[in-house]
Amino acid sequence: MKKVTYCSLLTGLIKRNNSTISTTALLCGNSKLTLKPSLNTRSSLEGSFSSIVLNNNNKKYFHNNLHTNFLNFFKKKQQQEPIETATMKYSEEETKELIEKLKYMEDKYKELEQQLRIEYSSFVQTGKIMSPELFKMMNHILDYYIDSIKPKKGSDPKENELFFTSSIGLKVWNIVTKVRLLVVKSIIQEWFTMDVYMEKYPKVEYIPGELEDDRIYFNRLFNRRLSSSAFVPTTMSDFIPYTRESLIASIYFVIYSLRNVPVMTSEFLKYMKESVREYPMIKERYLNAKIVDKDKYQMIYEQDKEFTFLEKKYSEHEFDWFEDIETNLPLNLNSLIKLIEAYLYFPQDIDRYYKLIDESLKIDPNNFYTLLVKANYSKFGTPKDHQHLAQISLESERNCEKGLEILKKAKPLPLREEIKLKEGETLPERKNDLKLFSFHYEIGYSNLILVGRFGLAVDMKRFYAKKAMEEFQMVKLFTRVPLDGNYYFLKGNAYFGLEMYEQAVRCYQYVDKYSSKLPKETVIGAIINSCNCLVTMGYASLCLKELDKYIEQYEGDIRLRLEKIYVEGANCKSKAELAIVKEKFTNIVTELSDPNFKITDQTKPYFQRSLDYANRKIKELENVINNSQIPNTW
């Protein structure tokens, strides 16, 4: 091996076999897959993935934060004084003005529908980009509502309530919610170029220099427009009622908010309960709508017996069935409500959770969102052991395959990104997938869990790692999932499972720009992961100095201290040095076993694993030291 000079773990260069690997970015990825240190680095993946899955609060899709913290609307709601509306009505002049504005919006909405029919057929058949004029038509309706009709922020709450308890006001609002959902559909189906969206929404967070900027902007844009389309109660909008379209948007809002590990605020739980509670009441209003035989523009108020804002009665089938905003496949609203209700019981009542999941699929066996959530969330329960976790991972993959089979029925949407393949790569056959909540991503992750299964033969580990790598490649080629630190961290772990350590380090390089945004658990896992790669490649000495800095930075984190001892062991040249390493592991065990050792909420998830790991390493070292067939020095 050539002589190598190193500057620093984080700033140096690894020069090996005429290849150069920048190690600027050893802070990487998602702690779901934190690699545990092992004297035998070749087998250091074993058991590491699953142990992290059992206890994890980190996000898997980093860039999909839907800013749910603004759902803090219940705190002030109880403090508000009741508003009397029984005698409140618009004046004759105000009524006439509002009706004229409604007629204008109806005319513009009809023009939008006509233009959409013309352009959408071509889009579906050929993938042709729709005209910017169509986008302007949608936004003109929304802007007109905001500028000319919507009660202004800070205005008398009575004005807000009067608008939303009048038939004309609700007719206006019904158009607005339809157009808002249409905008979300246009984004996820990519009707227009990103330039068209950027011109209208330049304030969506967009950081130049981030990896795959276009994907990150696309994801954030979708999230922002979806949250705008969803019914989000605030102090201003306590009196804004649901429509069918805003309820549908709220369901998507919940699904995309919770595609992460299920960590929910109390406000968001209340929001979910609100959606579930409102569904039957909204449905009843649509199914039992009173049809006005006279002038449809007559002003009727909610307290009136003949109150309505709908122009037809819906059948149950008409109300519950709608086209998915991305795939155009039929979805059942009641089935999705059961899915949202299931979220409410995870993980505290897992039996109730699965019962509601089954009810959702019984109502609509082709509800691919329920299958995807079932696959995703099954990995975050409390498996009995590693064998049980392997079964869960395989079941998760089967649910994903069912979902992909359903998506075959949908016409694949055009891909706006140019597909770039490296030299020697071949383009795999495309399988229709969701753009931002990917089945392939879930399958890749499930296979990485299997790579970490205890006792699995080396060839099977490589098999599952290769499958994971293939799935992550499908994510890159055929979805719009942001290729951020988490993606490259998972891909790096797949390379690790294939024993392709240089490629793994290259993947870990990509996540440096996200290190400041990642949770502590993720960063620590990344440090350990990167050290394991470097130790296996023969560069253990490179890790020690930097580990001291990280141990100080993270206040003596036990996992980093264990990693340092492991690296010291990899650097040993004699049994005498191994004995010193063994003593250090023993000291850790003594420290953790002390009744006075403080276990916090932060350390509890990994405390027992750390203790078990240290004891296991002590036994391994004893076996080496006491083995007479191994020389005293090497």
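User: Before we start, what should I know about numbering and pLDDT limits here?
Analyst: Residues are numbered from 1 along each chain as its sequence is written, and side-chain values use heavy atoms, with hydrogens and water left out. Since this is a predicted model, local features need pLDDT of at least 70 and side-chain atom pairs count only at pLDDT 80 or more, while totals for chains, interfaces and linings use all residues.

User: How many helices and strands are there in the protein?
Analyst: Helices (H or I, at least four residues) and strands (E, at least two) are DSSP runs, numbered from the N terminus. Going by that, the protein has four strands, and its helices number 24.

User: What share of the residues is buried?
Analyst: Buried means under 20% relative accessible area, exposed means over 50%, and partly exposed is in between (1.4 Å probe, protein chains only). The protein has 634 residues, and the buried share of them is 56%.

User: What percentage of the accessible surface belongs to carbon and sulfur atoms?
Analyst: Accessible areas come from the Shrake-Rupley method with a 1.4 Å probe, and for residues only the protein chains shown count as cover. The total for the protein is about 29000 Å². The part belonging to carbon and sulfur atoms is 50%.

User: And of the contacts with a separation of 6 or more, what share comes from residues 24 or more positions apart?
Analyst: Contact means heavy atoms within 4.5 Å. Among contacts with a separation of 6 or more, the share from residues 24 or more positions apart is 74%.

User: Which helix gives the most to the negative patch?
Analyst: Patches are made of residues with over 30% relative accessible area and no salt bridge; like charges are joined within 9 Å, and nonpolar side chains (Val, Leu, Ile, Met, Phe, Trp, Tyr) within 5 Å. Lys and Arg count as positive and Asp and Glu as negative, with His and the chain ends not counted, and a charge is placed at NZ of Lys, CZ of Arg, CG of Asp or CD of Glu. On this surface the negative charges of Glu 92, Glu 93, Glu 94, Asp 156 and Glu 159 gather in a patch. Three of those residues come from the helix that gives the most, α3 (residues 92–126).

User: Why does Glu 159 count as partly exposed?
Analyst: Glu 159 sits in helix α5 (residues 157–164). It counts as partly exposed because its relative accessibility is 40%.

User: Which residues make the nonpolar surface patch?
Analyst: One member, Ile 419, is in the loop between α15 (386–407) and α16 (439–451), and is partly exposed at 32% relative accessibility. The patch covers about 290 Å², and its residues are Leu 415, Ile 419, Leu 421 and Leu 427.

User: How far apart are the closest N and O atoms of Lys 171 and Glu 311?
Analyst: A salt bridge needs a side-chain nitrogen of Lys or Arg within 4 Å of a carboxyl oxygen of Asp or Glu, and the model has 30 of them. Lys 171 is buried at 9% relative accessible area, whereas Glu 311 is partly exposed at 46%. Both belong to a salt-bridge network that also takes in Lys 296. For Lys 171 and Glu 311, the closest N and O atoms are apart by 3.7 Å.

User: What is the N to O distance in the salt bridge of Arg 244 and Glu 245?
Analyst: Arg 244 is buried, with 9% relative accessible area. Glu 245 is buried too, at 10%. Their side chains meet in a salt bridge with an N to O distance of 3.4 Å.

User: Glu 190 isn't a glycine, so what is its phi?
Analyst: This residue lies in the loop between α6 (167–189) and α7 (194–200). Glu 190 is buried, with a relative accessible area of 2%. Its phi is positive, at about 60°.

User: Is Asn 328 buried or partly exposed?
Analyst: Asn 328 is in the loop between β3 (321–323) and β4 (330–332), and has a positive phi near 70° without being a glycine. With a relative accessibility of 24%, Asn 328 counts as partly exposed.

User: How far apart in space are Ala 289 and Phe 307?
Analyst: Ala 289 is buried, with a relative accessible area of 4%, and lies in the loop between α10 (266–287) and α11 (316–320). Ala 289 and Phe 307 are 18 residues apart in sequence. C-alpha to C-alpha, the distance in space is 8.6 Å.
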